[in-house]
Amino acid sequence: MKKIFLISFLVLSTFSSIAQVSIDNVTKEELLEKQNRAFPTSGAVIVDEKNKVYFDINLRDGNFISGEEVTRKIKLYKERDLSKLSFTIPYFVRGAYAEDVTIDEVYVYSLVNNEITKTKITSFESKKEGDYREKGVDFTKIPNIPEGSIITYRYKKLSENLDVLPEWFIQGDLPKQRSIYTMRIPTYFTYQMIQTGSQKIASNESIIDVKYGNGLLDSNTIKTLEKTLVALNVPTFSEEVLVDNAANYINKVRFDLSSVQFPGSKQQQVLGTKQTFFENLQKNKRYWKEILNDRYYRKKISQLDLSAKSDLEKADLILNYLQKEVTWNGMYGIYPENGLKSTYLRGQGNTADINLMLISMLRYVGLDANPALVSTRSNGKKKEWQGMYYNNLIAVLQSEGSYYFLDASSKNASIGVIPIDNLNGVVTMFSDKEGTKDLISTPAFVSSRKENYQLEFKPNGSLTGTAIHAYDNYEAFFVKEKFSFMGRFKYIKELEFVNPGLSVHNFVLNDNRTVDKNIARISFGVNKPNGSFSFNNKFFVNLFQFYDGKSNPFVTDNRLYPIDFAFPNSYTYSVSLLIPKGYKVDVLPDDLEIKDVDSGVSAQVKYTRKNNRIEVMVGLLKSKAVIEPEYYENIKQVYNSFYNKLQEQITIEVELE
């Protein structure tokens, strides 16, 4: 942190023509404007945005550092969008790449008595968590920002990290009339530019001479690439439900350091290729030595009863043992952070620490296990090789021609059922003896969820009874993770919250798993005084009131991005309602059965009458984990028909003698 401050005065004064562009150019005409010409329905618009990235030299050690300056001019048309003007800047104050952030020139311009007033904002938000920091401005906490106001601000960020330049997020929560990204980079450094999205970008570049270190180090100039990218009339990023990661689709540009060549030296490849990355990993003797070391756990593993066990049974015993012994520290990794032995003794480590140890243990008992690298859903899908292409490591077990994914970082994972963040399309398995192999992480099997309610209708209109929920595979994993995070009390309260008036009692969760299936079972008592409503001596009961999924997720006219369910799944919901003596149900609603082959989605609703019981069974099957947007209209029709059916009610009335 100290060296950052030593050079701050130099860097922030360098490139004066870049760093001192005035943003104090607000006119009365702009403040009077009632709607934006390019985006007439928007409540706020970024009129102008400038992102400037530049290099300078750290006088303390002579190394290059990077600076980023962002300026924005935003017009607020409607108060409803005031919160979208707020911003935060994340950074780290220690470590290999220490950073520093300053915010200045935050102003609010408005008209008062037909005169322009300029108010300086000095109240900034901040956050500290260890080495992590945030700075920003929450404009909703700033008083007296009327509609029609214009907000301008500038912030600067210094970083020692040259491997990746600041990303240009062309799209965001607000539309932009103009966004400019300018970079001045010494020609010693070559960066790979990767664009996501289809936004048209104008580009121009030239080579100029620049003095670095504020001219204090050397009178000689350095050939520098000056590149400017411009995007005009950029729409707001459209959020959609059931998307794997919005960052996969938002318009943005990323810059990864590809190579470095200083005068008089050979070119040094930094980014390399996927092939060279794995070749280096396979040759890393220290990496594989960690896996080969079994002395620290050998005694404990030998005490496990592995005799006459199948490969999967052995793997399950070892996985279960390690899950109890070691806890994940919340950090992903493809390299060990603490070392496997240290992780074992301390009982905590990152995903690489834990899963490389799992591989070591599986190999120790004679199983064929190897590491596999993943770009998690939160890390995004990578179309081209780049820095942070992978961010996580899991284990792969090969047995009888099949591959099984394992991840001991989660206490609730099992063979073939790993944390959902890993289900991001492709994982790359590698070993110290063979090459690499890409495997599909998306499950082919269907995970099921079954909910059954045995209820009795009371003459006072209430419903009482019992419920049993049974889950397997990823549905079971999801429930266990949720329960582990929330705890029993909050889990029950959420059940009651989503069903107003419901009272839950005798709640029991049975957590179990077999070698080939992750299982969870929940049972509880139900009491709902407002389970029906009455009118004109009749009671109306919606048998789907406990169905988890109160609203149709597919209501928009169009779809831009793939629908992502993460894994194939089926949801079966059934109710058996006892009608008391002296009451009757004359007419049952019609059944429904609808299926779309292209999307793999089908739904059915079936009513039956058994003596004094009314029963309904609901089934919703999603046989594909991902559905392309071209089939959106198909799935929308299925869901519209299905959810319309869920609104129907049965009518209970007094049976006349």
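A salt bridge is here a side-chain nitrogen of Lys or Arg within 4 Å of a carboxyl oxygen of Asp or Glu, and by this rule the count between domain 2 and domain 3 of this predicted model is two.

**View 1. The division of the chain into domains.** The chain of the predicted model is divided into domain 1, spanning 29-269, domain 2, spanning 274-440, and domain 3, spanning 447-654. Between domain 2 and domain 3 the C-alpha centres lie 37 Å apart, and the contact takes 18 residues from domain 2 together with 14 residues from domain 3.

**View 2. The area buried between domain 2 and domain 3.** About 1,400 Å² is buried between domain 2 and domain 3, with 54% of it on carbon and sulfur atoms. On the side of domain 2, the residues that lose the most area to domain 3 are Asn-412, Val-417 and Ile-420, which together account for 43% of what that side buries.

**View 3. Salt bridges and polar contacts across the interface.** Two salt bridges are counted between domain 2 and domain 3. A salt bridge joins Asp-564 and Arg-377, whose closest N and O atoms are 2.7 Å apart. Ten residue pairs are found in polar contact across the interface of domain 2 and domain 3, with both residues of each pair at pLDDT 80 or more. The residues of domain 2 on the side that touches domain 3 divide into nine nonpolar, six polar and three charged.

View 4. Leu-367 is found in the loop that runs between α9 (351-364) and β18 (368-374). Because its relative accessibility is 7%, and buried means under 20%, Leu-367 counts as buried. Leaving aside neighbours within four places in sequence, Leu-367 is in contact with Asp-311, Lys-314, Ala-315, Leu-362 and Leu-397. The C-alpha atom of Leu-367 is separated by 16 Å from that of Asn-293, a residue 74 residues apart from Leu-367 along the chain.

View 5. Asn-36 is found in the loop between α3 (28-32) and β1 (44-57), and with a relative accessibility of 2% Asn-36 counts as buried. A polar atom of the Asn-36 side chain lies 2.9 Å from the backbone nitrogen of Ala-38, and the backbone nitrogen of Phe-39 lies 3.0 Å from a polar atom of the side chain of Asn-36. When residues up to four places away in sequence are not counted, Asn-36 touches Val-45, Tyr-77 and Gln-177.

Methods:
Residues are numbered from 1 along each chain as its sequence is written. This is a predicted model: local features need pLDDT of at least 70, side-chain atom pairs count only at pLDDT 80 or more; totals for chains, interfaces and linings use all residues. Side-chain values use heavy atoms; hydrogens and water are left out. Helices (H or I, at least four residues) and strands (E, at least two) are DSSP runs, numbered from the N terminus. Buried means under 20% relative accessible area, exposed over 50%, partly exposed in between (1.4 Å probe, protein chains only). Contact means heavy atoms within 4.5 Å. Domain bounds come from an automatic or database domain assignment. Buried area is the accessible area (1.4 Å probe) that two parts lose on being put together, summed over both. A polar contact is a pair of N or O atoms within 3.5 Å; within protein, one must be able to donate a hydrogen and the other to accept it, and residues adjacent in sequence count only if both atoms are side-chain atoms. Ala, Val, Leu, Ile, Met, Phe, Trp, Tyr, Cys and Pro count as nonpolar, Asp, Glu, Lys and Arg as charged, and the others, Gly among them, as polar.
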